[in-house]
Amino acid sequence: MAETSIEWTDATWNPVAGCSVVSPGCTNCYAMRMAARLDAIGMQKYRGLTRKSGRRAVWTGKIHLDETALTIPTRWRKPRRIFVNSMSDMFHEGVPAAFAAKVWSVMASTPQHTYQILTKRPDLMAKVTSSFPLLENVWLGTSVESGEYLDRINQLREVRAAVRFISFEPLLGSVAEADLTDIHWVIVGGESGPRARPMMRQWVDEIETLCREARAAFFFKQWGGVRKKKTGRMYRDQTFDEMPRRSPIA
Ligand code: SF4
């Protein structure tokens with residue numbers, strides 16, 4: 001099992017690797033840094049997915065479709081929440097719909113698991129999944145880092161899903177104007193790592209208020225920063241680990 005320290009999931013599963021940046025939220029992409037490290041230690045799956053740009057690693061845009069990884073969740077007996085493609089974006093332009101369909105088949109055949117798929121390309125998510133069966137055990141979400149990208153939420157509303165969710169991480173600006181109608185779950189997190197950009201407390205307050213109004217579950221992941229263990233994940237003197245209730249399928 002690919003265990004993970006991500007607070008809102010139990011395991012990661014990566015049938016796809018590789019991506020390209022789309023917006024400021026991608027600048028310090030953890031997957032991009034990790035892919036460079038895995039390539040450096042000789043992992044074939046990550047070969048050529050990144051290149052050096054100064055002292056940083058950046059995606060080349062090459063996508064690796066890992067057929068051998070497809071059956072991994074079928075071997076996990078215990079029910080798990082599984083974050084799909086933590087090392088990519090499942091709805092990147094380079095992922096053929098036929099491959100996404102294979103991922104869908106695996107998820108359909110393993111209803112004991114709950115799958116969580118996040119994209120920064122919700123328009124393509126809506127398009128690609130429109131012909132796929134609606135699966136009760138698949139949650140579909142988009143990442144929004146600031147008010148400039150609120151349209152992704154409108155695009156997500158076009159997606160048929162048992163659970164629709166937003167990850168406001170890394171939160172880089174106020175999203176006070178967000179419309180959370182028909183959104184079931186919200187994750188909030190500050191950026192972490194050596195180049196972490198700050199997250200204001202007020203932006204978190206605004207999101208919590210929006211969640212209460214829209215009856216969306218509120219999950220506060222972390223404050224982030226250079227030392228995220230130090231800043232922790234307490235908000236208003238408590239942790240918020242709310243999880244969504246499945247909708248009666250919209
Ligand atoms: S879309 Fe996601 S995986 Fe791709 S570069 Fe941006 S943050 Fe990284």
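These legends describe close-up views of a predicted model. Local features need pLDDT of at least 70 and side-chain atom pairs pLDDT 80 or more, while totals for chains, interfaces and linings use all residues. Residues are numbered from 1 along each chain as its sequence is written, and side-chain values use heavy atoms, without hydrogens and water.

**View 1. Helix 5 spans residues 201-214.** Helices are DSSP runs of H or I with at least four residues, strands are runs of E with at least two, and both are numbered from the N terminus. The 14 residues of helix 5 reach 20 Å from first to last C-alpha, close to the expected 20 Å (1.5 Å times one less than the number of residues). Arginine 215 follows helix 5 and has a positive phi, near 60°.

View 2. The buried residues are Trp203, Val204, Glu206, Ile207, Glu208, Leu210 and Cys211. Buried means under 20% relative accessible area, with a 1.4 Å probe and protein chains only.

**View 3. Glutamate 208 is buried in the model, at a relative accessible area of 8%.** Leaving aside residues up to four places away in sequence, Glutamate 208 touches Phe218, Tyr235, Arg236 and Phe240; contact means heavy atoms within 4.5 Å.

View 4. Among the residues surrounding the ligand are Cys19, Cys26, Cys29, Trp59, Asp89, Lys120 and Arg121, where near means a heavy atom within 4 Å.

Note on methods
Buried means under 20% relative accessible area, exposed over 50%, partly exposed in between (1.4 Å probe, protein chains only).
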